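Please view the sequence and the structure before reading on.

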Amino acid sequence: MRPRVIIHNVASMDGRLTLAPGVDLMAGDERWAAMMGDLADPYAWARATHDPQVFLEGSGSLLNPVGAPLHDAEPGPPAEGTHFLPADVVSAPGRHWFALVDGAGRVDLQFTEWPDPAWAGWHSLVLTSRAAPTAHLARLRDRGIPYLVVGETRVALGRALELLRERLGVETVVSTGGGRLGGALLRQHLVDEIDVELLPWAVGGRGTPMLFDAAPLTPEEWPTRLELLGCETAGEGRVRLRYRVA
Ligand SMILES: NC(=O)c1ccc[n+]([C@@H]2O[C@H](COP(=O)([O-])OP(=O)(O)OC[C@H]3O[C@@H](n4cnc5c(N)ncnc54)[C@H](OP(=O)(O)O)[C@@H]3O)[C@@H](O)[C@H]2O)c1
């Protein structure tokens, strides 16, 4: 059994999640800030609406700065299931997670808990695979960042979600990752709800990251049928759409 999974993104009216290939919004961009207008905290609505125990993020937003190159400290890849779940971190009352999908172990996560008091209790967690260098896992352990090793070369997303439920009691995950993470979740039928806040701007641009950047449908595959749950206007001409996966 896996948790309920909601995709939540803020997108331009034409579904773009950023301005151009390679533009990392976490680094800040005055154009995207202008597009967001008075939408100060893009997490706030999803947090208030769904009360998730996990916000899920993709490595595509966090690869800058990249950590120093790491060399395996131990021979051979880490075994599946060699998770790091220290009891003092995992069992803290009211524990919530910022979980990062990083199958290759490339992201040099710098924080355990966010310093912002509004996010007290939210802790980093890494979902990784056997492709992660053992030295990377050692660095996570040194920093007190829990991780799950699930999958051979990438994170086996379905199994990882099941483990979040089994090992950490997670019932609701909101994925705020980029389009490739959303696309992988969609193609693997791991999405229950899609909530998008559309900004009244058109970005365009071939190759610009957008909602559900996945492989094209094969002739046998069908698009994902959705049922409208809600449609409301937010400030400054934004539209908030909520769909349940049928
Ligand atoms: N507007 C918004 O709401 C919003 C939200 C987030 C990001 N962004 C922007 O979007 C851009 C990044 O988006 P992106 O699409 O390039 O990257 P992304 O979705 O953030 O990262 C790709 C993620 O998907 C994982 N993944 C992809 N296919 C997979 C599969 N088959 N199995 C398991 N894991 C899989 C990758 O894992 P591996 O690391 O293992 O490859 C990685 O974690 C940035 O510009 C960022 O600023 C915008």
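## Terms and source

Two strands pair if DSSP finds at least two bridges between them. Helices (H or I, at least four residues) and strands (E, at least two) are DSSP runs, numbered from the N terminus.

The model is predicted: local features need pLDDT of at least 70, side-chain atom pairs count only at pLDDT 80 or more, and totals for chains, interfaces and linings use all residues. Residues are numbered from 1 along each chain as its sequence is written.

## The sheet

Nine strands form an open sheet with mixed pairing, in the order E5-E4-E3-E2-E6-E1-E7-E9-E8. Strand E5 (147-149) and strand E8 (226-233) are the edge strands, and each pairs on one side only. From one strand to the next the twist averages 20°; axes are lines fitted to C-alpha atoms, for helices over the stretch in contact, and angles run from 0 to 180 degrees between N-to-C directions.

## Strand E3

Strand E3 (residues 96-101) pairs with strand E4 (residues 122-128) in the parallel sense over six bridges. Valine 101 has leucine 127 as its bridge partner in E4. E3 also pairs in the parallel sense with strand E2 (residues 54-58), over five bridges. Within E3, alanine 99 is the bridge partner of leucine 56, and leucine 100 is that of glutamate 57.

Six of the six residues of E3 are buried (20 or more other C-beta atoms within 10 Å of a residue's own; exposed means 12 or fewer, and partly exposed lies in between; C-beta atoms are placed from the backbone). In a regular strand the side chains alternate between the two faces of the sheet. His96, Phe98 and Leu100 are buried on one side of E3, and Trp97, Ala99 and Val101 on the other.

Beyond its neighbours within four places in sequence, valine 173 is in contact (C-beta atoms, placed from the backbone, within 7 Å) with residues including Val54, Leu56, Leu161 and Leu164.

## Helix H5

In helix H5 (residues 157-168), Leu157, Ala160, Leu161, Leu163 and Leu164 are buried. These buried residues fall within an arc of 155° seen down the axis, so they line one face of the helix; the arc is that of the directions from the helix axis to the C-beta atoms. Their cover includes E2, E4 and helix H6 (179-187). Just after H5, glycine 169 takes a positive phi of about 70°.

How values were computed: Contact = placed C-beta atoms within 7 Å.
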